[in-house]
Amino acid sequence: MEIKVADNNIMYNQCLEIRKRVFVEEQNVPMDREVDEYEDTATHILLIDDEPIGTVRYRPASEGMIKVERMAVLPEERGRKLGFKLMEFVHDHALEHGYTRAKLGAQVHAIDFYRKLGYTVSSDEFEDAGIPHVYMEKAL
């Protein structure tokens, strides 16, 4: 198993395929909401275990802070702590690039997952693409 920055079009498209399966097909997020204006400025991360099975991206949010987005693991691969591995990679990579804080919009069902990674809820509940979310933050 390896986790890499998706630094070419092939890897980026593999990230998009995972996001399409999880967010568009599984969670009914419209494709025009899934692919957004931050695609070119975000750092895309790909998890490969013989084949691509997970992805996440992050982008600068403000001075010293990143925004983590589009965390997805294929349904058949869940339960293997792959999301933790992806998030740890993001945190380490962001620290190496001078960031000291992270925030994200967590789907409400995933709050406990992010709490285990040290995130705390920083907003009231809101809806994004028809799915309940809260903002969460942590120091890296």
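What radius of gyration would a compact globule of 140 residues have, and what does the chain have? A compact globule with 140 residues would have a radius of gyration near 14 Å, and the chain has 14 Å, which agrees; the radius is taken over C-alpha atoms, and the globule rule is 2.2 Å times the number of residues to the power 0.38. This is a predicted model, in which local features need pLDDT of at least 70 and side-chain atom pairs count only at pLDDT 80 or more, whereas totals for chains, interfaces and linings use all residues. Residues are numbered from 1 along each chain as its sequence is written, and side-chain values use heavy atoms, with hydrogens and water left out.

The C-alpha trace spans about 35 × 35 × 30 Å along its principal axes. The chain holds 4 helices and 8 strands, where helices (H or I, at least four residues) and strands (E, at least two) are DSSP runs numbered from the N terminus. Read from the N terminus, the order of these elements is β-α-α-β-β-β-α-β-α-β-β-β. Of the 140 residues, 45% are buried, a term that means under 20% relative accessible area, while exposed means over 50% and partly exposed lies in between (1.4 Å probe, protein chains only). Among contacts (heavy atoms within 4.5 Å) between residues at least 6 apart in sequence, 59% join residues at least 24 apart. The chain exposes about 7600 Å², of which carbon and sulfur atoms supply 46%; these areas come from the Shrake-Rupley method with a 1.4 Å probe.

Helix 1 comprises the 18 residues 9-26 and reaches 24 Å from its first C-alpha to its last, close to the 26 Å expected at 1.5 Å a residue, the expected span being 1.5 Å times one less than the number of residues. The helix has a kink of about 35° centred on Lys20, where the bend at a residue is the angle between axes fitted to the seven residues ending there and the seven starting there. At its start, a side-chain oxygen of Asn8 comes to within 3.1 Å of the backbone nitrogen of Ile10, and just after the helix Asn28 takes a positive phi of about 60°. The buried residues of helix 1 include Met11, Cys15, Ile18, Arg19, Val22 and Phe23. An α-helix has 3.6 residues a turn, so residues three or four places apart point the same way. The cover over the buried residues of helix 1 includes helix 2 (31-34), strand 1 (2-5), strand 3 (51-62) and strand 4 (65-73).

Not counting residues up to four places away in sequence, Glu34 touches Arg19, Phe23, Val24, Val29, Glu39 and Arg70.

Arg70 leads on to strand 4, where this residue is found. Arg70 counts as buried at 18% relative accessibility, and has a positive phi of about 55° although it is not a glycine. Most residues other than glycine have a negative phi. Glu69, also placed in strand 4, is buried with a relative accessible area of 8%, and its side chain makes a polar contact of 3.3 Å with that of Lys67.

Which residues does Leu47 touch, not counting residues up to four places away in sequence? Leu47, in strand 2, touches Met1, Glu2, Ile3, Pro52, Ile53, Gly54, Leu82 and Leu86, and counts as buried at 0% relative accessibility. Leu82 and Leu86 are among the buried residues of helix 3, whose 15 residues (82-96) should span 21 Å and whose end C-alpha atoms are 21 Å apart, which agrees. Helix 3 is followed by Gly98, with a positive phi near 90°.

Key. Polar contact = N/O pair within 3.5 Å; in protein donor to acceptor, adjacent residues only side chain to side chain.
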